[in-house]
Amino acid sequence: MTSTTAHSSQQDGVPAAASQAVLVHSAPVPLDSVSVQGPNFDNPISLQQLLCSYERIGFQATSFGRAISIVEKMRKWRLSDEPISKDESPEFLDPTVRANTKCTILLGFTSNLISSGLREVILHLVKHKHISGIVTTAGGIEEDFIKCLKPTYLGAFDLDGADLRKKGMNRIGNLVVPNDNYCSFEDWVKPILDKMLEEQPERMKEGGEGPWSPSVIINRLGKEIDNEESVYYWAYKNNIPVFCPALTDGSLGDMIFFHSFRNPGLIIDIVGDIRAINNLALKAKKAGMIILGGGVCKHQIANAMLMRNGADYSVYINTGQEFDGSDSGARPDEAVSWGKIRAGSESVKVFADATLVFPMLVAATFAKALWERQLTEEKKKGEKLSAEEQVFAY
C-alpha cells in the first residue's frame, strides 16, 4: 500500500496497521491466467458443452477437465505427428505405418468397478479397440463372467453383514451378489479348467505354446463365455491382452484351489505375463495409462512404464491419500521420481469415485469420437438427425 493510501486511512480514522495488512496490492496477474467460470444454465447446453466447462470450475472439476484433455491427446496421437528420428526402425519409415501407429494405452481398474455398472463403460472401450491392454485383479476377471451367468443387484451400504451371511448374500459396497452366483461360476469354470489341464502336456512340449499364463487363461475364458455382454469376450475377439498378477486372489482362486484337489496338476506361469506387459510398454512409440483405483492394477502398469523410462500420458482416478505412503494414494509426481512417468509429461490425479467421473471422461473422449463418426456417416447417407443425436452434437 502506498504512503498516500496510508495517510488517507489515517484521515478516515482507520488504523494504519490494519489497513496495510488488509489492503495489500497484488502483483500483476500473468497474461496466460485463466479465470474461474462455471456453466451457464440459462440456455440449453449439450452434454459435451457441459463436460468442456469443467476445466474452469476449479477444484476436482478442473482436474477432471485436465483428464479429458490428456486422454484426448492419448486418443489422437499418431506417430506421423512426430519427426522421423535418425535411428528410426525401417518398419516405421513408411508414412502409412506412421499414420496408423497409435499411442499404447493401458487401462487399470480394481475389481469392484467390474461389479459396478462401470463394467459396461469398460466394455465399450474394449469392444471398440480404444485400449491396448488391461490390468486388473481376480475379482475384476471373475465378476465379468459371473454377470454373464447371473446378475448383481443394488443394495445399500448399511445392510447388516451377519444377516446377509445367513442369507448367503455378499455385499460389495451398496451392491449385493447372491452366493449362488459363485456356485454357478464354479459349474461353468470347472470343466474349462479340466480341459486346460488336459491340453497342458501338449502345450509344454518343445515347440508348443508353453504353460498357461494368467493372460492366456483369461483369453481362453473370454473365448469360452462367448457372450457379447462380457468385457473379456471382446478382449479375446480383439486380441487385447488382459493381465492379472493376482489371479488367485478371488473366487477364481477358490476354483483353482478346489480344482487342485479334484484334478491336480494345472500350472500357471506368471513369468510369461511380466515379459508380455513389459514388452508391450517397451515397444510403445507413445504410452499412456488410465488407472481407476489403486493397488496391484496401478503399480503393475506403472512398473511396466518404467521399462521405457516412464509413461507419456497419465490419468489417475481414485480417492486414496498420500499421507500413509501407499502407492495407491500417491500422486503422479511420486511416479516421476521412480521413472514410471516421464519428467515433463502430462499427468493428473482426479480425487474422486471412479463411478462418478469415468463415464463422463469416456463420454467426453472415446465415445464422443464414435458418436461424431456415426453422425458423419449418417449425414453422408442423408439421414435426418434424431433428437437424441442432436443432444450429443456440438
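**Cysteines**

I began with Cys183, which I log as partly exposed because its relative accessibility is 37%. The model is a predicted one.

Is Cys297 buried or exposed? I found Cys297 buried, at a relative accessible area of 0%.

Next I looked for bonds between cysteines. A disulfide links the sulfur atoms of two cysteines covalently. With a cut-off of 2.5 Å between sulfur atoms, I count 0 disulfides. Cys183 takes part in none, and the nearest cysteine sulfur, in Cys148, lies 18 Å away. For Cys297 the closest cysteine sulfur belongs to Cys244; at 10 Å, that is too far for a bond.

I moved on to strand β5, residues 175-178.

I then checked the pairing. Strand β3, residues 153-154, runs antiparallel to β5 and is joined to it by 2 bridges. Tyr153 has Val176 of β5 as its bridge partner.

How many bridges join β4 to β5? I count 4, again with the strands antiparallel. Strand β4 covers residues 169-172. Met169 is bridged to Pro178 in β5. β4 and β5 form a hairpin with 2 residues between the strands. In this hairpin I found Gly173 with a positive phi, near 60 degrees.

**Helix α18**

I tested the length of α18, which holds 15 residues, 366-380. At 1.5 Å a residue, the helix should span 21 Å.

Which residues of α18 are buried? I listed Phe366, Ala367, Lys368, Ala369, Leu370 and Leu375. Lys368 is a lysine, yet it is on that buried list. After the helix comes Gly382, with a positive phi near 80 degrees.

**Phenylalanine patch**

Phe257, Phe258 and Phe261 make a nonpolar patch of about 340 Å². I placed Phe257 in helix α13, residues 251-262. Phe257 has a relative accessible area of 47%, so I log it as partly exposed.

Conventions
Residues are numbered from 1 along each chain as its sequence is written. This is a predicted model: local features need pLDDT of at least 70, side-chain atom pairs count only at pLDDT 80 or more; totals for chains, interfaces and linings use all residues. Side-chain values use heavy atoms; hydrogens and water are left out. The expected span of a helix is 1.5 Å times one less than its number of residues. Buried means under 20% relative accessible area, exposed over 50%, partly exposed in between (1.4 Å probe, protein chains only). Patches are made of residues with over 30% relative accessible area and no salt bridge: like charges are joined within 9 Å, nonpolar side chains (Val, Leu, Ile, Met, Phe, Trp, Tyr) within 5 Å. Accessible areas come from the Shrake-Rupley method with a 1.4 Å probe; for residues, only the protein chains shown count as cover. A salt bridge is a side-chain nitrogen of Lys or Arg within 4 Å of a carboxyl oxygen of Asp or Glu. Two strands pair if DSSP finds at least two bridges between them.
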